[in-house]
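Dear colleague,

Please find below the sequence and structure that I am handing over to you. My findings follow directly after them.

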Amino acid sequence: MDRRQLLQTTAYGTLLASLGACANTSLVKSQAIGKTPPWPSEIHKIAFGSCIDQNKAQPIWQAILANQPDVFIFGGDNVYASSQPWQLNQLEKAYATQAAHAGFAQLRNTIAHVAIWDDHDMGLNDGGAEFAHKQVSQNAFLDFWRLPANDPRRAREGLYHAMSFGKAGQRVQIILLDTRSFRSAPRKTDRRDAPGKERYVPDTQPSKTMLGEAQWQWLTQQLQTPADLRFIVSGVQVAVEGHGWEGWHNFPLEQEKLRHVIRSTGAKGVVLLSGDRHIGAIYKSTSANLYPLYELTSSGMTHAWQAAKEAGPNRMGELITQNHFALIEVDWQQRQMQWGFKNTQDEWLKKESIALSELQ
Ligand SMILES: [Fe+2]
């Protein structure tokens, strides 16, 4: 069977249909580039992580590879290249250093993967729309992640993107949000390092945005496409409260807008994945007329924040403060998901179950 037939006769076809006709050629083309692994026809296991310092040891890849996930999600800060003044050759050097790690190369060549950026691979610590070099940096991202010439991300500003995998009843949608390219400047704290106000305080000006208008409209459309389980990936934490670092809580109206969009589109099965914080944790956020929003933060594949301590009013259990990645296993028969964290030795650090019926 040649690839064209394969595409048309497997659940791949479902994926392609949901992506539109151009995706067909883009997938074929991405595979023509060489070592891009094929997309999975169904999803049972997802691994997810963020914050990878290209200059540090990376034993974590062996643990991830041992689990053979169907897809790996790179959640941002996939390299660190945010020294100022920003220079393209610094970013290119960071990507080249990262590419040379054998475990990373093996994963990139053998495991299907998607990526979104955060501040340190965009190029400015805690940066947003104001970053002057974001288009040049975006181009470097597109090339490093081997995105084909006709990928929609090459034709628009920002790196937001979505894909769906699997047949009806077992369809997984991965929505990658760009929380950097369009983000307004957050309001600076008046008490630096005070617990709860470490860097920023909430700003309720209606003009302040996390996603920008075009990405909000796109997200609203994405949430109306059919899926049984939807992972919304954001570089920064989304529904988390209790600290004054970066996150959607810097703009409470944007947090509420996200809940409103999930409610108004009737999207079921939404769970949140985030990074940035150099900790691991699971959170649960409840609000009126909406199922609980669970959020898993997995950050620190090479340099977790070992001394981390924070209040975590909507956190479930303790912080993970050692290097880790997240593993998500979906049992479609039992209609449940198990998720948690594993360390560089492939040992579970924490594991929780969620019934998919909770996300209705
Ligand atoms: Fe980071």
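Met316 is in contact with Ile282, Tyr283, Lys284 and Glu352, leaving aside its neighbours within four places in sequence. Please bear in mind that this contact, like everything else below, comes from a predicted model. Met316 is found in the loop between strand E11 (residues 290-298) and strand E12 (residues 324-331). The C-alpha atoms of Met316 and Val201 are 23 Å apart in space, and the two residues are 115 apart in sequence.

Nonpolar core

The largest nonpolar core has 81 residues. Within this core, the residues with the most contacts are Ile73, Ile175, Val233 and Ala326. Which residues does Ala326 contact, leaving aside its neighbours within four places in sequence? They are Ala47, Phe48, Gly49, Gly280, Leu296, Ser298, Trp339 and Phe341. As general background, nonpolar side chains tend to be buried together in soluble globular proteins.

Helix packing

Two helix pairs were examined. In the first, the axes of helix H4 (residues 60-67) and helix H6 (residues 102-110) come within 8 Å and cross at roughly 30 degrees. H4 and H6 are therefore roughly parallel to each other, as the angle is under 35 degrees. The crossing in which H4 passes H6 is left-handed. On the H4 side, the contact is made by Trp61, Gln62, Ile64 and Leu65, and on the H6 side by Gly103, Phe104, Gln106 and Leu107. Sorted by class, this contact of H4 with H6 has five nonpolar residues, three polar residues and no charged residues.

In the second pair, helix H5 (residues 88-99) and helix H8 (residues 134-144) pack at an angle of about 20 degrees, with their axes 10 Å apart. H5 and H8 are therefore also roughly parallel to each other. Here the crossing, in which H5 passes H8, is right-handed. H5 contributes Leu88, Leu91, Glu92 and Tyr95 to the contact, and H8 contributes Val136, Ser137, Ala140 and Phe144. By class, the contact of H5 with H8 has six nonpolar residues, one polar residue and one charged residue.

H5 also holds Ala96. Is Ala96 buried or exposed? Ala96 counts as exposed, because it has 12 C-beta neighbours inside 10 Å. The C-alpha atoms of Ala96 and Gln221 are separated by 36 Å, and these residues are 125 apart along the chain.

Backbone geometry

The loop between strand E2 (residues 71-74) and H5 contains Pro85. A cis peptide bond joins Gln84 and Pro85, with omega at about 0 degrees. Asp77 also lies in the loop between E2 and H5. Phi of Asp77 is near 55 degrees, a positive value in a residue other than glycine. Asp77 counts as buried, because it has 27 C-beta neighbours inside 10 Å.

Asp276 likewise has a positive phi, near 75 degrees, and is a residue other than glycine. Its place is in the loop between strand E9 (residues 270-274) and strand E10 (residues 280-287). Asp276 has 25 C-beta neighbours inside 10 Å and therefore counts as buried.

With kind regards

Terms used:
Residues are numbered from 1 along each chain as its sequence is written. This is a predicted model: local features need pLDDT of at least 70, side-chain atom pairs count only at pLDDT 80 or more; totals for chains, interfaces and linings use all residues. A nonpolar core is a set of buried Ala, Val, Leu, Ile, Met, Phe, Trp, Tyr and Cys residues joined through C-beta atoms within 7 Å. A residue is buried if 20 or more other C-beta atoms lie within 10 Å of its own, exposed if 12 or fewer, and partly exposed in between; C-beta atoms are placed from the backbone. Two residues are in contact if their C-beta atoms, placed from the backbone, lie within 7 Å. Axes are lines fitted to C-alpha atoms, for helices over the stretch in contact, and angles run from 0 to 180 degrees between N-to-C directions. Helices (H or I, at least four residues) and strands (E, at least two) are DSSP runs, numbered from the N terminus. Angles under 35 degrees count as roughly parallel, over 145 as roughly antiparallel, 65 to 115 as roughly perpendicular and the rest as oblique. A crossing is left-handed if the near helix is turned anticlockwise from the far one by less than a right angle, and right-handed if clockwise. Ala, Val, Leu, Ile, Met, Phe, Trp, Tyr, Cys and Pro count as nonpolar, Asp, Glu, Lys and Arg as charged, and the others, Gly among them, as polar.
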